[in-house]
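Take a moment with the sequence and the model below.

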Amino acid sequence: MIPLMKPRGFSIASAQSRDTLDKANTRDTLDTSQSRDTLDTAQSRDTLDTCMAVVRYRTNLKVERLGVCSTWLSTLPINHPVELWCEPGSFYFPTDTPLIMVGPGTGCAPFRSLIQERGSSQEMVLFYGCRSEREDYFFREEWEGVERLRVITAFSRDQEHKVYVQHRIAEHSGLVWEMLERGACIYVAGSSNQMPGQVRAAFTTAVSTQAGLATDNAEQWIEGLVKSKRYQTETW
Ligand SMILES: Cc1cc2nc3c(=O)[nH]c(=O)nc-3n(C[C@H](O)[C@H](O)[C@H](O)COP(=O)(O)OP(=O)(O)OC[C@H]3O[C@@H](n4cnc5c(N)ncnc54)[C@H](O)[C@@H]3O)c2cc1C
Ligand SMILES: NC(=O)c1ccc[n+]([C@@H]2O[C@H](COP(=O)([O-])OP(=O)(O)OC[C@H]3O[C@@H](n4cnc5c(N)ncnc54)[C@H](OP(=O)(O)O)[C@@H]3O)[C@@H](O)[C@H]2O)c1
């Protein structure tokens with residue numbers, strides 16, 4: 001009568017060898033000993049990093065609502081085993097084009113993994129957004145040392161008005177268009193609420209202004225990127 005609880009998906013946030021993924025594909029355990037305070041950037045063949053947020057919000061009736069899985073994970077003692085398995089993600093990343101990545105909040109997880117893998121060999125721009133530079137910019141030091149990566153940040157609550165990744169895309173429309181002209185692919189990950197639509201609108205406006213296209217034509221141009229898998233999204 002009561003349906004089984006559905007599994008939750010979490011992006012792998014660290015570069016992985018094929019061996020590690022194959023191993024984890026047989027149901028395995030997650031070592032919960034690495035909290036956000038002890039993130040270890042040195043990857044071993046037997047570890048997977050994730051970047052998870054505890055879901056906590058107030059409903060319209062002002063009742064506090066805690067996410068089932070994320071709250072449970074956050075309360076586990078260190079080294080408590082967790083059942084997990086791996087599935088391929090939906091993103092396809094070519095090796096021979098520049099990459100434009102947009103990952104507000106936990107949306108940065110799949111990009112952290114890619115940056116670890118290719119940050120020194122492939123040109124990348126990451127639009128990263130979080131609430132506060134001081135509280136939430138977990139990977140600052142790691143990313144600052146990456147040779148071919150440029151991170152453009154949007155700290156939404158560090159000033160009076162909201163600043164989101166789409167505002168930064170608008171401010172850097174020249175860079176975006178210049179990279180697109182060189183064949184760049186766009187990736188968007190994170191919350192599936194309003195963010196993906198607003199980010200797409202920002203790219204559309206960037207194309208429209210930089211290429212001198214009417215909005216309709218710029219929308220069609222972006223749709224063409226989606227169809228040719230040069231504009232991919234993974235949102236939840
Ligand atoms: C491809 C992918 C990648 C993701 N990557 C990340 C990531 O890197 N980091 C991250 O923090 N999150 C990520 N998420 C989101 C993550 O899977 C969870 O949705 C999130 O942690 C909230 O889960 P929760 O159980 O805490 O919240 P809840 O709100 O309790 O649950 C979330 C979902 O489960 C359903 N649900 C809740 N309770 C039940 C129940 N009893 N039975 C059945 N269904 C139920 C809800 O309807 C809702 O759809 C990703 C999701 C996907 C699909
Ligand atoms: N400290 C905490 O307790 C804490 C911290 C982080 C996350 N969480 C929980 O975890 C869940 C997921 O977290 P997350 O880190 O993935 O995301 P998140 O923290 O909710 O959002 C990431 C960033 O995206 C911004 N944002 C909000 N709406 C946007 C939009 N339409 N377009 C672009 N950017 C937008 C947020 O700004 P604003 O939020 O300022 O609008 C924030 O700067 C949240 O629902 C939250 O409940 C809790």
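**A walk through the model**

Start at Val163, which sits in the loop between strand 7 (149-155) and helix 6. Helices (H or I, at least four residues) and strands (E, at least two) are DSSP runs, numbered from the N terminus. This is a predicted model: local features need pLDDT of at least 70, side-chain atom pairs count only at pLDDT 80 or more, and totals for chains, interfaces and linings use all residues. Residues are numbered from 1 along each chain as its sequence is written, while chains are lettered from A and ligands numbered from 1 in the order in which they are written.

The cut-offs are 20 or more for buried, 12 or fewer for exposed, and partly exposed in between, counting other C-beta atoms within 10 Å, placed from the backbone. Leaving aside neighbours within four places in sequence, Val163 is in contact with Ala154, Phe155 and Ser156. Contact means that the C-beta atoms, placed from the backbone, lie within 7 Å. Val163 and Cys130 are 33 residues apart in sequence, and their C-alpha atoms are 9.4 Å apart.

Ser156 leads on to ligand 2. Ser156 is among the closest of the 22 residues that surround this ligand, along with Ala53, Pro104, Gly105 and Thr106. A residue counts as near if its C-beta atom, placed from the backbone, lies within 6 Å of the molecule. Strand 2 (56-58), strand 6 (124-130), helix 6 and helix 8 each give two or more residues to this shell.

Now turn to ligand 1. Of the 20 residues around it, Gly67, Val68, Cys69, Ser70 and Trp236 come nearest. Helix 2 (residues 68-75) supplies the largest share of the shell, four residues.

Helix 8 (residues 195-211) comes next. This helix has 17 residues and reaches 24 Å from its first C-alpha to its last. Its buried residues include Met195, Val199 and Phe203. The buried residues of helix 8 pack against strand 5 (99-102), helix 6 (165-171), helix 7 (173-181), strand 8 (185-190) and helix 9 (215-227). After helix 8 comes Gly212, with a positive phi near 70°.

How far can the model be trusted? The mean pLDDT (the predictor's confidence in each residue, from 0 to 100) of the chain is 90, and 88% of its residues reach 70 or more. Over residues 34-43 the pLDDT is below 50. Where pLDDT is low, the predicted coordinates should not be read in detail.

Key:
Two residues are in contact if their C-beta atoms, placed from the backbone, lie within 7 Å. The expected span of a helix is 1.5 Å times one less than its number of residues.
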